[in-house]
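The report below goes through one chain, beginning with a single residue and ending with the whole.

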Amino acid sequence: VYQDDQVGRVLHRDEASFTWRALEEGRIVREGDPVWREGTAIRVEAIPVRFRDDLVAAISQQASLTTARTPSRLELTYLQTAGDLAVMIAEGTFPFAVDEPDPESLPRVGDGLLRLDPSGRVEYASPNAVSAYRRLGVTENLDRPLGEFDLDPDRVLEAMRVRLPLESEVEARGTVVLRRAVPLVVGGQVSGAVVLLRDVSELRRRDRMLLLKDATIREIHHRVKNNLQTVASLLRLQARRLERPEVREALEESERRIRSIAVVHETLSLERGDVVDFDQVAGEVVDMVSEGLAGPGVEVSVEGSCGPVVAEVATPLALVLSELLQNSVDHAFDEGGGRIGVVLARENSELHVEVWDDGRGLPKDFSLDRAGLGLQIARSLVESELGGRLSLDGGKGTRARVAVPLPEEKRA
């Protein structure tokens, strides 16, 4: 009908009289002589679009009469259904206000179509719909009541009863068919329904494979966590047998580091995918360090949030948090105890983790280059593995700040 794109054009009354009448009169306008355009007769139908009680737009259907031909039964069914939907649009009952279908899985008309009368009898079944039912094992003629052959007719008939579109799946002989029943409500009465069908067998097979793969990955994380805890237990048992304090302390620190990594794997074993809630991980690391506090009167608190973090960032970051907490526990306080705080934040595509204490502060000659093994491990993880920054500030107490960038591919 049109050789050029019409989007953006302003249609004046003399060239779009049907559309203007539909907007002014609030009804479908299809009567009148064809419109002639460049020697071609055009049949025009204008449909007003309602939103609540307001007329907000109009749909103009136009077809060239020079290509008129005898339509097939399939096309007649399409046209009949389109006519019912046009009336529903004009009445403001279509699209359905509560309907939010998934566009990826939504069945299309070409996938398969059943047209039902108000009693639920099939008036027409498209060839693709017949094929879908044959794959389900239904070989009889479909031109009869839906309840006589469908595997689950109640869901479809319920859509007509409640006057809302409903989706359901039927499965048989290794075939899964997704059905979407759309009731046709014209003039306040249910005139029938359209049932769209789509064979989703391959999609469901892939879904099951993904679920199986996900379960396998979680089981692997669970076993890794168990193995790490076993190693940590062995180190703890070995440390108890040693008499030299410095050797025992080294084994205990190694055990704590292994348990910090195990915390992430434990969380991954409970989650789907490779993303963990770092707030939960941080809480468990804090609890783990708090359990081993040597001196009484030390309080540890956590505030803020980092949200979901991919495992390849969460694992080293959990180990860094453990090292910074242990550093405060070991060096910040005298016998009187004090407070340690953990502050989590996610800002400008960065994760921020801060560990502060109100202890004695840093030595005057402190330098990260000459720090102990724990801080050296934390610095190496932050700078080399995570590409972030680690800084320590003294004064009244100590503040250790970690900033870790989250590249686009690593953001959860």
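## Alanine 41

Leaving out neighbours within four places in sequence, alanine 41 is in contact (heavy atoms within 4.5 Å) with Pro34, Val35, Trp36, Ala63, Ser64, Leu65 and Thr66. Alanine 41 lies in strand E2, residues 40–51; helices (H or I, at least four residues) and strands (E, at least two) are DSSP runs, numbered from the N terminus. Its relative accessibility is 9%, so alanine 41 counts as buried. Here buried means under 20% relative accessible area, exposed over 50%, and partly exposed in between, with a 1.4 Å probe and protein chains only. Alanine 57 is 16 residues from alanine 41 along the chain, and their C-alpha atoms are 25 Å apart.

## Basis of the values

This is a predicted model, in which local features need pLDDT of at least 70 and side-chain atom pairs count only at pLDDT 80 or more, while totals for chains, interfaces and linings use all residues. Residues are numbered from 1 along each chain as its sequence is written, and side-chain values use heavy atoms, with hydrogens and water left out.

## Alanine 159

Alanine 159 is placed in helix H4, residues 153–162. With 1% relative accessibility, alanine 159 counts as buried. Not counting residues up to four places away in sequence, alanine 159 touches Leu164, Leu166, Ala181 and Pro183. Between alanine 159 and glutamine 61, 98 residues apart along the chain, the C-alpha separation is 28 Å.

## Helix H8

Helix H8 covers residues 311–331, and its 21 residues should span 30 Å at 1.5 Å a residue; the end C-alpha atoms are 30 Å apart, which agrees. The expected span is 1.5 Å times one less than the number of residues. Of the 21 residues of H8, 16 are buried, so the helix is largely enclosed by the rest of the structure.

## The whole chain

The chain contains nine helices and 15 strands. Its radius of gyration is 34 Å, whereas a compact globule of 412 residues would have one near 22 Å; the radius is taken over C-alpha atoms, and the globule rule is 2.2 Å times the number of residues to the power 0.38. Along the principal axes, the C-alpha atoms fill a box of roughly 100 × 55 × 35 Å.

Of the 412 residues, 39% count as buried. Among contacts with a separation of 6 or more, 60% join residues 24 or more positions apart.
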